[in-house]
There are 2 protein chains.
Amino acid sequence: MNYEQLAVAVQSGFSSGDPQEIQAFLAAEHPADLAAHIAEWPVDHALQILALLPIQRQADLFGYFEPDDQLELTEQLPEDRLAALFTEMNADERADLFAELPESTQQALLKRLKREEREDIRRLAAYEEETAGAIMTTDFVALDSGMTVRDAIESLRAQAPDSETIYRAYVLDENKQLLGALRLQNLIFARPDRKVSELIEANALAVHVDDDQEEVARHIAKYDVLAVPVVDAGNRLLGIITYDDAMDIAEEEATEDIHRVGAVGDLDIGVRDAPLFMMYRKRIVWLVLLVFGALFSSGGIAYFEDTISAYVALVFFLPMLIGSAGNAGSQAATLMVRALAIGDVEMKDWGVMIGKELLVAIALGGTMAIAVSGIGIFRGGPDIAMVVALTMIIVVTFGSLIGMSLPFLLQRLKIDPATASAPLVATLADGGGVLIYFAIATAILGLPAIST
Amino acid sequence: MNYEQLAVAVQSGFSSGDPQEIQAFLAAEHPADLAAHIAEWPVDHALQILALLPIQRQADLFGYFEPDDQLELTEQLPEDRLAALFTEMNADERADLFAELPESTQQALLKRLKREEREDIRRLAAYEEETAGAIMTTDFVALDSGMTVRDAIESLRAQAPDSETIYRAYVLDENKQLLGALRLQNLIFARPDRKVSELIEANALAVHVDDDQEEVARHIAKYDVLAVPVVDAGNRLLGIITYDDAMDIAEEEATEDIHRVGAVGDLDIGVRDAPLFMMYRKRIVWLVLLVFGALFSSGGIAYFEDTISAYVALVFFLPMLIGSAGNAGSQAATLMVRALAIGDVEMKDWGVMIGKELLVAIALGGTMAIAVSGIGIFRGGPDIAMVVALTMIIVVTFGSLIGMSLPFLLQRLKIDPATASAPLVATLADGGGVLIYFAIATAILGLPAIST
């Protein structure tokens with residue numbers, strides 16, 4: 001059995017294909033693969049496959065669909081099946097899906113759920129997007145500090161089916177405040193009559209429910225933990241975030257940063273599935289803004305039109321010079337955006353980084369000046385060569401400093417540093433570059449008496 | 001006690017600071033935090049702190065240092081302490097560090113290690129960089145399929161201290177071939193007399209030892225597993241890769257992609273610590289290449305110098321038009337580079353993506369044409385406005401198609417698609433943009449009879 005044969009079987013209304021073979025195939029496949037394949041099929045075919053699975057596995061599978069596929073499927077599911085699915089889904093995935101559902105489906109669904117689940121969904125849905133609260137799950141294992149190891153293992157066994165992980169359990173005091181974490185490993189190898197309180201790791205390194213999801217992912221990566229507890233201001237345990245969610249967030253945030261560096265707005269879905277109008281909308285804003293940004297360059301050109309008329313040869317070097325300023329600026333901005341995102345560089349490092357950038361940029365500009373002055377002599381003679389070489393050093397340094405500083409400045413203004421995109425920095429560097437170029441040219445070459 | 005007080009205590013040769021308080025502080029801190037702080041101190045101070053810790057904790061701490069800090073510390077460590085440290089370190093981190101050591105230290109170290117460790121280091125060091133083999137650890141838990149649950153738990157207890165994780169154990173047959181994985185969770189809640197073979201998950205989804213590390217990280221993220229087994233061509237289990245390594249790889253690969261998109265070469269260390277000459281070297285190559293790339297634009301300008309002399313007003317629109325082509329191209333390239341990196345888009349999607357891009361680009365170009373034609377009328381009259389608007393549509397489409405296709409083309413040529421950096425695409429789009437602009441201008445406005 002393979003996916004093609006499965007598709008044929010579904011298409012034929014299961015009149016083809018051995019039912020036992022199909023069941024065996026569905027049971028053996030990883031839900032991630034199963035979800036990826038059937039998401040490509042017509043909705044009613046996908047629903048028929050879902051119906052063949054036990055409800056717990058349907059819920060697992062559902063967690064692996066993309067949000068828009070999930071929505072499409074829920075629209076076709078009868079209310080009772082949807083409610084059963086919701087009961088089995090992970091608390092965090094359930095809350096995310098719930099938030100996407102139309103109001104009427106939400107109401108119908110809430111009526112069919114148990115009170116406990118209803119409250120859980122409402123609570124999780126209340127946290128602001130992209131915070132720890134919004135991505136945490138309430139499916140964690142909690143233990144009392146007074147328990148013995150024997151009791152704790154018994155309690156784990158009871159909580160295991162509804163928990164996202166039992167490899168880390170959290171120990172609470174009588175006020176539900178977090179005392180620390182406990183590794184399953186330490187629990188099962190401990191003497192059964194020991195107290196849980198003797199085994200906890202006091203330094204549970206919790207995150208706060210309002211923390212940004214990016215910080216949470218960084219926290220998990222830094223401390224190499226399987227899961228991190230989420231607490232409120234009173235240190236009460238509200239939920240946990242597991243490593244697999246941290247990986248997804250880190251990927252999402254890296255994608256967002258790369259897109260912003262390329263001057264593309266945040267896409268909620270993959271490029272392949274994004275509708276045309278969404279792609280248009282996410283790109284046109286920056287393109288139009290940058291056209292008006294380019295007016296600075298144009299203004300510079302208009303201002304120096306006499307110089308240009310007198311020395312049309314100068315135009316030859318324009319793309320090279322302003323291009324280099326933009327390229328050096330893009331490099332510097334990209335380096336800073338990423339370094340700020342992964343915490344390699346912080347606000348307080350600005351001074352040091354500016355100093356380093358200045359030295360590197362002058363070296364870069366100097367090298368480039370040598371490269372272009374040869375072309376300058378060949379195309380325009382020694383005077384032009386001098387103008388071009390001098391301009392190169394200055395514009396490359398100028399572009400680099402803009403590219404380096406802008407991400408810091410944005411961070412200071414609480415705007416995502418990745419907004420300092422390569423095209424934005426290039427446009428700013430272009431504008432400055434034009435002015436610098438023609439100002440130097442006018443100063444060195446002089447303006448002929450008769451022009452225009 | 002805090003890090004400042006600790007630093008003062010070390011500086012004073014521990015004549016200040018309560019030894020018990022220092023010990024308590026060192027024991028409570030997470031090794032990630034401890035490593036981050038003492039890496040900033042003079043090497044001999046850091047070594048004094050290390051000496052205060054039990055050897056297992058020294059080894060943990062060592063794993064959290066950056067490679068260059070590790071090297072600096074090993075240089076000052078006496079051989080016997082270094083050998084003791086090596087014995088306790090994780091197999092994968094140990095092999096990585098070993099590869100960085102100078103030949104003489106390697107030889108001295110090997111003499112002091114047990115045969116088993118020596119072979120382990122040699123074996124791991126033999127795998128090619130950035131493959132599964134190079135990042136895997138040999139510290140995994142293996143069980144025989146014939147064992148009972150009781151025996152298996154006993155075996156886990158014995159293997160636990162030397163294992164990176166015991167939450168997933170791997171079951172082998174008599175030829176060391178991988179039969180499947182076993183979750184600790186299922187093991188401890190099973191009847192003690194059951195056979196391990198009844199509990200294994202047959203679909204262990206192993207990766208191959210030669211697989212690229214990026215694929216491995218993607219595998220772990222996709223299947224949400226704690227660890228993935230690494231096998232050779234004969235399905236023999238060689239090692240495992242855990243989720244925390246996958247997170248580090250994913251971050252590293254994202255950083256590499258962002259840098260490449262910004263036309264910066266791969267940095268081995270963080271921007272903050274990178275020496276000036278490294279920063280220069282990683283940037284100058286692309287900058288110089290792109291200057292020569294800009295010669296296409298300059299060549300275009302030289303070719304159309306007569307048109308430019310006749311209509312100097314055209315130069316006014318040059319930054320806007322070629323800038324827009326470059327910006328649209330950067331957007332498209334960035335989108336494709338990331339989509340290819342995370343597997344959202346594959347080679348076979350080229351056709352579809354080109355089609356979508358063409359439609360989106362024409363819409364973008366059309367909108368931009370409207371935006372600039374206003375400026376065109378105002379600055380140069382209806383003829384110039386027509387030239388500018390027409391050029392805008394064509395160059396934005398041209399730039400977008402280059403930006404979209406180049407990453408695919410590079411992937412096809414087995415070059416990293418991220419090499420299609422924003423500056424490279426912008427430079428290519430500039431060159432085409434200049435030719436298109438002046439060709440259209442010459443065609444519509446005509447070339448005055450008397451010029452030059």
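How many residues does the contact take from chain B and from chain A? Chain B puts in 88 residues and chain A 89 residues, where two residues are in contact if their C-beta atoms, placed from the backbone, lie within 7 Å. This is a predicted model, in which local features need pLDDT of at least 70, side-chain atom pairs count only at pLDDT 80 or more, and totals for chains, interfaces and linings use all residues. Residues are numbered from 1 along each chain as its sequence is written, while chains are lettered from A and ligands numbered from 1 in the order in which they are written.

**View 1. The side of chain B that touches chain A.** Helix 19 (residues 313–341) of chain B gives the most here, with 15 residues; helices (H or I, at least four residues) and strands (E, at least two) are DSSP runs, numbered from the N terminus. By type, this side of chain B splits into 55 nonpolar, 18 polar and 15 charged residues (Ala, Val, Leu, Ile, Met, Phe, Trp, Tyr, Cys and Pro are nonpolar, Asp, Glu, Lys and Arg charged, and the others, Gly among them, polar).

**View 2. Chain B laid on chain A.**

**View 3. The loop with Asn235(B).** Asn235(B) sits between strand 5 (227–231) and strand 6 (237–242) of chain B. Beyond its neighbours within four places in sequence, Asn235(B) is in contact with Gln177(B) and Leu178(B).

Note on methods: Copies are superposed by least squares on the C-alpha atoms of residues with pLDDT of at least 70 in both.
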